[in-house]
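Trainee: I'd like to learn how to read salt bridges in a model like this one. Can we go through it together?

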Amino acid sequence: MKTVQYTEVKGWSTGYLAILGVLGAIIVVGLGAAYYMEHQGHWVTGMSNQVVWGMPHVFAIFLIVAASGALNVASIGTVFGKPMYKPLARLSGLLALALLAGGLAVLVLDLGRPDRLIVAMTKYNFRSIFAWNIFLYTGFMVIVAVYLWFMMEARMNRYYKTAGYAAFIWRLILTTGTGSIFGFLVARPGYDAAVMAPMFIVMSFSFGLAIFMLVLMASYKWLARPLGDAVLGRLKNLLGVFVAAALYFVAVQHLTNLYAAEHHAFEAFMLLDGGIYPLLFWGGFVVVGSILPMVLVWHPAFSASRTWLGVASALVILGGLTQIYVILIGGQAYPMEMLPGHEIISSAFFDGVVAGYSPSLPEFLLGMAGVGVALIMVVIGVKVLRFLPVTLADEAVDPHATAKA
Amino acid sequence: MSEFDEARQDPEDAKPDLARRRFFGTAAAAAAVATMVPGLSILPASARSPDEPVTEDQRWGMLVDVNKCADGCTACVDACHEENGVTHHGRPTTDPYWIRKVKLRDRMTGREYGMPLLCQHCEKPPCVDVCPTGASFRRADGIVLVDKHICIGCRYCMMACPYKARSFIHEVTTDQKPHAPRGKGTVESCTFCVHRVDAGGDQQPACAEACQAEGHEALVFGDLRDPESRLYRLLTEISSRQLREDLALNTGVRYHGI
Ligand code: SF4
Ligand code: SF4
């Protein structure tokens, strides 16, 4: 097999500057939105004392989950030794770092006191899974950075496999940690399920890969570098499998909930009569975010088209955001039971009623800024360092094609 | 900002004072009845003077007699919010509540009753477990508080509390009471009027005092570990339950008549 050649993005084309400009603008607008919410107080958002985590958390959790999934491509190359994935490993690592940074930025900017970030980093309550996550996130950044360095630096090359294994294990723990943020909320009927952690891992595979594919296709198109069908064919099949697996785990989560009578009302709320939440779940996650993409990647009428492949990836991302929204907001909107066997008939504090939530524009803009941060890191990364192979044409990456030649 | 300048109720200050006076006689006499109250220890206790440190010899708690809680009365809520400077802005979804009146109906019998709901001062508080910075903490004497200096406003405690006992401060705060600093962007909840408790004497939280003044006597505050206390005696005499007892949090607030 030929050695893969990587180069930076050369020159300052108008297109490149335009992308930088647009992403920069998205970030600035998001920062403005964060400042506004901070300065006024959170009453200007859709969040309340009932729904305490809103749209920013949907974006933050999505990006953090997708970050660990984006590393998958590199892991398949390094840990599972699949040669075709090796040229993609650098981009995969970069994207993982970038998505995590974007997600964390949103999380921090939505704190009531973001100015106390230093407090969050110096005072730890080791019983809190949230505090553990701070370690998991910083650790992930360091390990992936080292992994990238070992891959890119010839002298360190022989260690990169070890770093790859470490990163792979770390990302599994990280997503388990993110899923467990919900698992520890014993009081809320929607959250205290052990299956949350594996479900988040599988969801991370599919969200992360969808983002990876979009970024890969877009950058090779804009840079006019060859991207062969062999690579895309593998990735799209993998995406189909991951999407199916995520759907399976979500089904398991709901089915296990249905075993317990105490969860029946909650399940009915999420799946049938909860208004917007069942609609988003069935329409958004199941149909648009799972079934449609599976058809697009596997049905011969679409699967050969790169446009449809791009659409499929975009739908997976949209479905993923919807699924996080349903889990996060739906779980809070559903009223908590205070006393078994009793219903709450009145309360000034919205006990016993489904809490309303409509995301405000600033929340959405802050969430988008996280996406902007992630993408701008990729755009700058591929410009200053050698992340992207010069060619991903079939004969360059497919070992069989090389053998035959 | 001055609004956050709270004298921190540091758990460090709460080291058990071994030199403390102990009334072993009372303890022996109380041991027999003490075993009848599940979750209550038989440690002897007495009133603490303000200069003594907070210790585990006390556990502050409250008994709510639902039968005595009058329909339509919100004296406890008003008094609490007055005492602690908890102001509303006419925005129901974001306005804070340290204590609130809730009306329930028994699904089977149809019986209806109202009761105040406040922080239950759990012995194993989920809010404290999840708080990443340790801003949420439980004092040795059982009072659960938020340290306004280290709360970063992540709201994880609000996600974790089974009773929705906490509020996020969504607005700029004005007219604060010196003993109850409040700051936009942090989380707050009932403190059992810790400033009164720490002042010593016979002071009760504002809610219990107001209820008494109204002649209802639905709220009895006291030391769950002091066999001499009215609260302790009542708990040994009448039945009481914890809200969400399935979660086994051993709450400091108990309800009679539910
Ligand atoms: S009632 Fe809620 S806020 Fe109060 S101690 Fe228990 S978990 Fe914490
Ligand atoms: S909002 Fe404050 S008190 Fe609550 S968990 Fe976060 S840091 Fe702790």
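This is a predicted model: local features need pLDDT of at least 70, side-chain atom pairs count only at pLDDT 80 or more; totals for chains, interfaces and linings use all residues.

Trainee: How many salt bridges does a search of the whole structure find?

Mentor: The general idea is that side chains of opposite charge can pair when their charged atoms come close. Here a salt bridge means a side-chain nitrogen of Lys or Arg within 4 Å of a carboxyl oxygen of Asp or Glu. Over all chains, the search turns up 24.

Trainee: Which residue forms a salt bridge with B:Glu83?

Mentor: That's B:Arg196, with the closest N and O atoms 2.9 Å apart. B:Glu83 sits in helix α2 and B:Arg196 in helix α5, both of chain B, so the pair ties together parts 113 residues apart in sequence. Helices here are DSSP runs (H or I, at least four residues), numbered from the N terminus.

Trainee: Is B:Arg196 buried or exposed?

Mentor: Buried, at 11% relative accessible area; the cut-offs are under 20% for buried, over 50% for exposed, and partly exposed in between (1.4 Å probe, protein chains only). B:Glu83 is buried too, at 16%.

Trainee: What about B:Glu209?

Mentor: B:Glu209 also forms a salt bridge with B:Arg196, at 3.1 Å, and B:Glu209 is partly exposed at 39%.

How values were computed:
Residues are numbered from 1 along each chain as its sequence is written. Chains are lettered from A and ligands numbered from 1 in the order in which they are written. Side-chain values use heavy atoms; hydrogens and water are left out. Helices (H or I, at least four residues) and strands (E, at least two) are DSSP runs, numbered from the N terminus.
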